[in-house]
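Take a look at the fold below.

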Amino acid sequence: MYKKSRRKFWYVVVFTVVVALISMPALPFLPENVQKYANKLAINLGLDLQGGLHLEYKLDLSKVPEGKEGDAKDAVQAVVERRVNAYGVGEPIVQLAQRAGETFLIVEFPGAESMEDVKNVIQKTPFLEFRVEKTQEEMEKEQKQLNEEMSEFLTQIHADAQKKAIETLNRIKNGEEFEVLAAENSRDADMQGIENVIDFSKKDVYPVEFSDVLFSENMHDGDVYQELVTTEDGWFILKKLASRGKGEDLEVKSQVIPFTKISIPVEPYKATELTGEFLEQANLEFSGGGMGGGVSDPQVGLQFDSKGKELFAQITKENLGKRVAIYLDNELKSAPTVQAEIVNGRAVISGDFTTKEAKDLAQSLNEGALPVPIELVSQQSVEATLGAEALQKGLKAGVFGLALVMLYMILYYRFFGVIASIALGIYAASLVTIFKLSNLTPMAITLTLAGIAGLILSIGMAVDANVLIFERIKEELRLGKGMKRAVDEGFNRAWPSIRDGNLSTIITSVILMSMGTGFVYGFALTLIIGVLVSMFTAIILVKIIMKYICGEWLEERLWLVMHNKKKL
């Protein structure tokens, strides 16, 4: 039994030496080649500790087909990761978060300083999508729905326009110049000409409501019609400037003060599944079919992957003779008419591009086209000096707290307190080791100021476990049991309380991680890690150390572990 305890004790010693070496900030005695590798084991510091930039984008998933939202989110994250990894600053972090039913993309750039440069890296990623024409029934249905939704707003706007038209007509009747009022209201014009002047035109050119007034025998040159002319487009004040010709050749020149109704047209195109997600390659091309009519017209050629080919072939097959619109960042770039089914997966974005613009667009598309639009909703910048100051204060708080806890344990629990202090030292070294070694895995842990708070809190959890164990051992000693048996009984009786207390903390932390982001997530993660490590050191390591060291010699010196040696 003694040999087994000794072997376990030496395992603890070896473990302690290993974590102590890894956790050390520098190992100057190592060979240069080993030192170079060891220096890569560093703790990832969050923005609040080393400075940098934090941006949050909201994802617009409204046009994503039902059931494919998860794929779209993953695709956005992958595309932005490719872009920010090429930025070359620190270790950027790109992660998704859910809040209040919305999906957000969080991008962090440790060490970055220029907010505008970082935003350009992300936002210049164009959102490419293909849309097809809506049917007449779809257009009418959406227009009706839109009008119903906006009816109260439109009614008020139209009432204000009619009221203004009546007031303007009364001002003209009271002697104010028609031309002055026409210029004053020219911003509302929807008519051809300067200051709403319609040049000489025949009767059939004018709207019916206009021609009935302007071509009336009672309307003479220079007359202003004394009533509002009402059409489905709004309210109008008419002045007949001049006329020429006779009969069917009669032409009238007029001036109009318009007060038009507002109409909110619906989008004529609807989204398809074909987006930049399926883009394989984009290239700068030149074509003679552009506006310039020569080979100098730059355009961007697109080549889709296998899935994109299938989607593009299906779209062109189902929309023969119709337009397929190509949108970049929700802006219509071109809408060619489909002449035949396209099965080779090739398309062209044409427009008023310069060669540089087309080249930059092709490069941006190749770097990654976003499958859904994103909108910047939050940005935060932390200066490096503030981060360094926060790190220094956080570390001081951690070291000071650890030292005070060790001092208290030694003063109150004496020899047991020394063992607990050694365990706390192993605990601290183990945490640093975990943080450093995580960099060798895909799940690197980033330490934030909130994370340091979680670690300091976990020190209290570790001490709490030791307190429960030591008090149980002291109870067993007061009952007259030997040291070895007292240690076993103390650990066994303390375990349920330690387990339940730490489990409740872990459950709470998991809830915080699932619902929170940023600092809250970092606090919960480090608290979980700290609690698990504290349970390992308190339940396993301390027990091994005590079973090996605490023997008969300590039974004869109970004053080293107890203030009161009186048996119950």
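This is a predicted model: local features need pLDDT of at least 70, side-chain atom pairs count only at pLDDT 80 or more; totals for chains, interfaces and linings use all residues.

Residues are numbered from 1 along each chain as its sequence is written, and side-chain values use heavy atoms, with hydrogens and water left out.

Start with charge. A salt bridge here is a side-chain nitrogen of Lys or Arg within 4 Å of a carboxyl oxygen of Asp or Glu. Searching the whole structure turns up 15 of them.

One of these pairs Lys-239 with Glu-179, with 2.7 Å between the closest N and O atoms. This pair links distant parts of the chain. Lys-239 sits in strand β8 (residues 234-244), Glu-179 in helix α8 (residues 178-184), and 60 residues separate them. Helices (H or I, at least four residues) and strands (E, at least two) are DSSP runs, numbered from the N terminus. Are the two partners buried or exposed? Burial is scored by relative accessible area: buried is under 20%, exposed is over 50%, and partly exposed lies in between (1.4 Å probe, protein chains only). Lys-239 is buried, at 12%. Glu-179 is partly exposed, at 31%.

Now move to helix α14 (residues 449-478). Glu-475 and Arg-472 form a salt bridge there, 3.7 Å from N to O. The two residues are three apart in this helix, which means about one helical turn separates them. Glu-475 is partly exposed, with 31% relative accessible area. Arg-472 is also partly exposed, at 25%. Both belong to a salt-bridge network that links Arg-472, Glu-475, Glu-476 and Arg-493.

Another bridge joins Arg-499 to Asp-500, with the closest N and O atoms 3.1 Å apart. Arg-499 is partly exposed at 37%, and Asp-500 is partly exposed at 43%.

Turn to the interior. In soluble globular proteins, nonpolar side chains tend to be buried together. A nonpolar core is a set of buried Ala, Val, Leu, Ile, Met, Phe, Trp, Tyr and Cys residues joined through side-chain atoms within 4.5 Å. The largest one has 43 residues. Phe-416, Ile-469, Phe-470, Ile-473 and Met-546 have the most contacts inside it. Helices α1 (2-23), α12 (384-413), α13 (415-437), α14, α15 (483-515) and α16 (519-549) each supply at least two of its residues.

Which residues does Ile-469 touch, leaving out those up to four places away in sequence? Its contacts (heavy atoms within 4.5 Å) are Gly-490, Phe-491, Ala-494, Ile-498, Ala-538 and Ile-539. A second, separate core has 23 residues, including Phe-278, Leu-311, Leu-328 and Ala-347.
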